[in-house]
Amino acid sequence: MDYKSSLIQDGNPMENLEKQLICPICLEMFTKPVVILPCQHNLCRKCANDIFQAANPYWTNRSGSVSVSGGRFRCPSCRHEVIMDRHGVYGLQRNLLVENIIDIYKQECSSRPLQKGSHPMCKEHEDEKINIYCLTCEVPTCSMCKVFGAHQACEVAPLQSVFQGQKTELSNCISMLVAGNDRVQTIITQLEDSCRVTKENSHQVKEELSRKFDALYAILDEKKSELLQRITQEQEEKLSFIEALIQQYREQLDKSTKLVETAIQSLDEPGGAIFLLSSKKLIKSIVEASKGCQLGKTEQGFENMDYFTLDLEHIADTLRAINFGTDEEEEEFFEEEDQEEEESTEGKEEGKKFTYLHSFIHSFIHSFIPQERETQTVCKVLCWTLGMMPIWAHVPTMWF
C-alpha cells in the first residue's frame, strides 16, 4: 500500500489512513490478526476464514473432524486464486506492520477530541446527533424525533445494536456472494475444460477419419494403376500385332513393286528369245506374289476396348452412403452381406448339380441317338417325366 502518496494528496491524512485500513470483506477497520495474501492484499483472518469455509464446506480447521489436504481461495479484491495448504487460512502470514499501524491509529484517534461534523446530524433537529434507529421506518434518527417528531409511534432501538446487526448481515451477504462467485468461477473452469476436451476429441476423430479416407484413396489409386496397366498392356499387344501386319504388308508391297518394275522392263524387251528366257519365271513369281497377298488381317472390332468398361454405380452408391453409424448397424450390414454370399454359393452349387446331371443324361441318350435335335427332344421329355424340369432352365443352349 502506498500510504504516503495518499496521505499527501488528502487534506485529512487520518481520514485517508482509515480508508486504507478497511477490510474489503466486512468494510470495517481490520480486526487483528490481519493476514496478507500472496497478491499483497490484506484481510481480517476471521473474514478470510468465513469465505474459505463457505467455498470449501468439507474443510474444517484446527478442532474440526474432517480435513483434506487444502483448498482454494480467491482474493475478494483482485480475484487472484490462492492454493491453501492443510492449515487453510491459518497458514497465511500475518501482516504485523498493518496491525501496528492500526494500533497507532486507534491510539491517535482516542487522544483526539471529536471534531464537530464528524457525526451525522438529524435533518429535522440540526443540533441533535443521530443516535437511534427506527425499526418501523428502517431509518436512523435522533431522540428528539422519537419524543416530539415523526417517529413518536414507531419502535426504535439503540443505534449501536442495529449497527452491529446490519454489519454482520452485510458481512454474511458479502461472504455468501464471494462464495457464489467462487462457485460460478468453478463452473466456468469446468466449462472451459469441457470446451478444451471437446476440441481435443474432435481433432482426434478428424485425424482418424482422415487416416481411413487416406487408406481408401490408396486402395483406389492402387486399383486404378493396376487397371490402367492392364489396358496399357492390351493396347501394346494390339499395337504390336497391327504394326507387325503393317510391316508384312509393306514388305509384300515392296516385293510386288519390284516385280512390277521387272515385268515392265521385260515387256520393253524387243528380242523374243531374251523375253522368253525370263518371262516364264517372272510370271510364276507374279502368281506366287499374288497368292502371298492373303496375309493376316484384324478381326472386326479388333480395335474395340469396350470390354474394359467398369460399372461403378453400385460402388459410388456405397460411397455416398458412408456415414457415421453405431456398431449395431455395422453388424447388421455385415450379417446381410454374409447371408447374400451364402445364398449365392448355394445357388452356384445347385446349378453345378443340375449341369452335371444334364450332362450325364445328354451323354447317355446321345450314345443311342446320334442326332443332336432328337437328343435334345428326348432329354426334355425325360426331364419332364422325372419331374426335373427345373434342370432344363439351367442347361446352356450352346449344348444343343
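Buried means under 20% relative accessible area, exposed means over 50%, and partly exposed lies in between. The model shown in these views is predicted.

View 1. At 22% relative accessible area, Phe-308 is partly exposed. Its value is not under 20%, so Phe-308 does not count as buried. Tyr-307 has a relative accessible area of 48% and is also partly exposed. That value is not over 50%, so Tyr-307 does not count as exposed. A search of the whole structure gives three aromatic pairs. One of them joins Phe-213 and Tyr-217, with ring centres 6.2 Å apart and planes at 55°, so this pair is tilted. Phe-213 is partly exposed at 29% relative accessibility. For Tyr-307 and Phe-308, the ring centres lie 4.7 Å apart and the planes meet at 40°, so that pair is tilted.

**View 2. Phe-213 and Tyr-217 sit along helix α6.** Both residues belong to α6. They are four residues apart, about one turn of the helix. Tyr-217 has 46% relative accessibility and counts as partly exposed.

**View 3. A nonpolar patch draws on α6 and α8.** Helix α6 gives the most to the patch, with four residues. Both α6 and α8 (313–320) supply at least two residues each. Leu-310 is found in the loop between α7 (272–291) and α8.

**View 4. Lys-238 places its charge over a ring.** The ring belongs to Phe-302. The charged end of Lys-238 sits over this ring, 5.2 Å from its centre.

**View 5. Helix α3 has a buried set of residues.** Helix α3 spans residues 45–55. Which residues of α3 are buried? They are Cys-47, Ala-48, Asn-49, Ile-51 and Phe-52. The cover over them includes the strands β1 (34–36), β2 (42–44), β3 (71–74) and β4 (81–84). Helix α6 (159–267) is also part of that cover.

View 6. Lys-46 and Asp-50 are four residues apart in α3, so about one helical turn separates them. Lys-46 is exposed, because its relative accessibility is 61%. Asp-50 is partly exposed, with a relative accessible area of 32%.

**View 7. Arg-79 and Asp-182 link distant parts of the chain.** The two side chains meet in a salt bridge, at 3.2 Å from N to O. Arg-79 lies in the loop between β3 and β4, while Asp-182 lies in helix α6. The partners are 103 residues apart. Is Asp-182 buried or exposed? Asp-182 is buried, because its relative accessible area is 8%. Arg-79 is partly exposed at 30% relative accessibility.

View 8. The N to O distance is 3.6 Å. Lys-223 and Glu-226 are three residues apart in the helix, so about one helical turn separates them. Lys-223 is partly exposed, with a relative accessible area of 42%. Glu-226 is partly exposed too, with a relative accessible area of 40%.

View 9. How many salt bridges does the structure hold? The structure holds nine.

**View 10. Glu-99 is a buried residue of helix α4.** Helix α4 spans residues 96–111 and includes Glu-99. Glu-99 counts as buried because its relative accessible area is 5%. Not counting residues up to four places away in sequence, Glu-99 touches Lys-32, Pro-33, Val-34 and Arg-94.

Terms used
Residues are numbered from 1 along each chain as its sequence is written. This is a predicted model: local features need pLDDT of at least 70, side-chain atom pairs count only at pLDDT 80 or more; totals for chains, interfaces and linings use all residues. Side-chain values use heavy atoms; hydrogens and water are left out. Buried means under 20% relative accessible area, exposed over 50%, partly exposed in between (1.4 Å probe, protein chains only). Contact means heavy atoms within 4.5 Å. Rings of Phe, Tyr and Trp (its six-membered ring) pair if their centres lie within 6.5 Å; planes under 30 degrees apart count as stacked, over 60 as edge-to-face and the rest as tilted. A charge sits over a ring if NZ of Lys or CZ of Arg is within 6 Å of the ring centre and within 35 degrees of the ring normal. A salt bridge is a side-chain nitrogen of Lys or Arg within 4 Å of a carboxyl oxygen of Asp or Glu.
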